[in-house]
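This briefing gathers a few side-chain contacts and the solvent accessibility of the residues that form them. Please read it alongside the sequence and the coordinates shown here.

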Amino acid sequence: RWLQLPSAGADKYVDAAIYPHPGVTLTNSSGAFGSAIAEQLLMGALMLLRRMPEYQAQQRDHVWRRAGALRFLRGSTVTVLGTGDLGGTFAGDCAALGATVRGVSRSGKADRDCFSAVYPVDRMLEAVAEADIVAACLPLTKETEGLIDRRVFAAMKPGAIFLSVGRGRTVV
């Protein structure tokens, strides 16, 4: 009568062709992984801003050259696509470290006050336009499948960092 998923993603189970059991309650583990994944996002953002992949390769090869300009999270603009548990946690972390954080959600609202602005999905291109970092934290639904496409990437400024920890099929 009840199927509890060990994951937040329930997209494989909500399709009636795959899971045609209306009498069974389906629950997921949404909210259980926000902090852990937000820290992964934060680590990735900091490593890319500080050019760590290039410096790690140099260290391995015993080469010591300047890899280019370093960027900082403090003073950056971060746009988070999806303001739920994961996106909201990452947004709070970025704001605490001095970034200006924007969000994109279905409603154009968020439950957390760490966002300087929250845009509805139909204004997503505006929300990503000036971002130094765009983090996709979206579940896979009919509305989000393929949502992040070439229009979104074209709207982003050159050099912007794109991070995705949401469901893969949200990105084309």
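Arg-112 has a relative accessible area of 35% and is therefore partly exposed, in a model that is predicted. The side chain of Arg-112 takes part in a salt bridge with Asp-85, where the closest N and O atoms are 3.7 Å apart.

**Salt bridges**

- Over the whole structure, a search finds 7 salt bridges, among them one between Arg-123 and Glu-126, whose closest N and O atoms are 2.8 Å apart.
- Arg-123 counts as partly exposed at 36% relative accessibility, and Glu-126 counts as partly exposed at 41%.
- Arg-169 forms a salt bridge with Glu-145, with 3.2 Å between the closest N and O atoms.
- This pair likewise links distant parts of the chain, 24 residues apart, with Arg-169 in the segment after β7 (161–164) and Glu-145 in the loop between β6 (133–136) and α5 (150–155).
- Glu-145 is partly exposed, at a relative accessible area of 44%.

**Aromatic pair**

- The structure holds 1 aromatic pair.
- The ring centres of Phe-153 and Phe-162 lie 4.9 Å apart and their planes meet at 75 degrees, so the arrangement is edge-to-face.
- Phe-153 is partly exposed at 33% relative accessible area, and Phe-162 is partly exposed at 23%.

**Strand β1**

- Leu-3, in strand β1 (residues 2–4), is partly exposed with a relative accessible area of 27%.
- The C-alpha atoms of Leu-3 and Val-24 are separated by 6.9 Å, although the two residues are 21 residues apart along the chain.

Methods: Residues numbered from 1 in each chain as written. Predicted model: local features only at pLDDT ≥ 70, side-chain atom pairs only at ≥ 80, totals over all residues. Heavy atoms only, no water. Phe/Tyr/Trp six-rings, centres within 6.5 Å; stacked < 30°, edge-to-face > 60°. Buried < 20%, exposed > 50% of the residue type's maximum accessible area, 1.4 Å probe, protein only. Helix = DSSP H or I, 4+ residues; strand = E, 2+ residues; numbered from the N terminus. Salt bridge = Lys/Arg side-chain N within 4 Å of Asp/Glu carboxyl O.
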